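Here are a few notes to read with the model open beside you. Take them in any order you like.

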Amino acid sequence: MNRASLEKRPEEVAAMFDDVAPKYDIVNDILSMGQARRWRRIVVDAVGAVPGQRVLDLAAGTGTSSEPYADAGIQVVACDFSVGMLKVGKRRRPDIDFVAGDATNLPFADNSFNASTISFGLRNVIDPKKALREMLRVTKPGGKIVVAEFSQPTFAPFRTVYTEYLMRALPAVARKTASNPEAYVYLAESIRVWPNQDELAHWLTEAGWGNVAYRNLSGGIVAIHRATKPA
Ligand SMILES: C[S@@+](CC[C@H](N)C(=O)[O-])C[C@H]1O[C@@H](n2cnc3c(N)ncnc32)[C@H](O)[C@@H]1O
């Protein structure tokens with residue numbers, strides 16, 4: 001398999017998201033065929049934060065995944081290392097606290113959030129296991145982590161069509177049609193090589209999280225992993 005587009009340095013990933021920032025949310029809605037909104041509601045319910053609590057939304061991008069917390073009166077910190085994505089977010093939602101920071105070296109004190117969450121971002125982090133350890137460090141004992149990420153469809157025939165045909169075809173189609181094909185090549189390849197549900201659950205346990213569980217959405221196209229920081 002051609003992994004060329006995955007062999008990126010962190011600054012190249014940030015630059016790629018800087019480029020897609022202006023159209024990020026609209027392309028997201030189209031690619032997920034409207035499912036993204038439902039997935040996001042389920043993530044917010046899983047975090048289960050209440051007003052007065054502080055939530056870290058890591059790899060928050062333009063802040064679309066952070067908005068529901070702010071709307072519910074929860075103090076949310078939207079952290080990302082793409083300044084382009086943060087600027088689009090700040091323009092749209094000046095009330096949200098956007099912070100530039102790298103997931104593998106978070107600019108926050110130990111035990112400073114009631115919950116940490118990351119939506120469609122862990123897959124993009126060059127060292128995702130380190131990010132899971134950093135999220136543990138900044139979360140209070142007894143606090144939660146919720147990870148939403150593309151995963152492996154559970155129905156075998158569909159899994160074959162999805163990973164062997166759709167995810168292989170997307171880069172070729174993008175190279176011919178898209179104005180920024182590199183971003184789509186990267187999207188498809190990063191989904192194809194990402195660990196399945198059980199393996200990601202194992203990563204969470206390895207990082208020190210307890211009570212790890214997950215739930216499949218849209219037949220496993222997306223999985224929501226939940227865990228708590230041991231008290
Ligand atoms: C697909 S976007 C997801 C944005 C948002 N969470 C959402 O659900 O729409 C992935 C984000 O991960 C960010 N990212 C990737 N690696 C990162 C890192 N090491 N530290 C911080 N952010 C990172 C990118 O800049 C990008 O904004």
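Which helix gives the most to the shell around the ligand? That is helix α1 (residues 10-20), with 4 residues; helices here are DSSP runs of H or I with at least four residues, strands are E runs of at least two, and both are numbered from the N terminus.

1. Before going further: this is a predicted model, where local features need pLDDT of at least 70 and side-chain atom pairs count only at pLDDT 80 or more, while totals for chains, interfaces and linings use all residues. Residues are numbered from 1 along each chain as its sequence is written.

2. Back to the ligand. It is surrounded by 21 residues, and A59, G61, S65, S82 and A103 are the closest (near means a C-beta atom, placed from the backbone, within 6 Å).

3. Now the sheet. It is open and mixed in pairing, with 7 strands ordered β3-β2-β1-β4-β5-β7-β6 (strands pair if DSSP finds at least two bridges between them). At the edges sit β3 (97-100) and β6 (210-217), each pairing on one side only.

4. Have a look at β5 (residues 139-150) and β7 (residues 222-228): they pair in the antiparallel sense over 7 bridges. Within β7, A223 stands opposite E149.

5. Leaving out residues up to four places away in sequence, L58 touches C79, A103, S116, I118, G121 and M135 (contact means C-beta atoms, placed from the backbone, within 7 Å). A103 is also among the residues closest to the ligand.

Note on methods
Contact = placed C-beta atoms within 7 Å.
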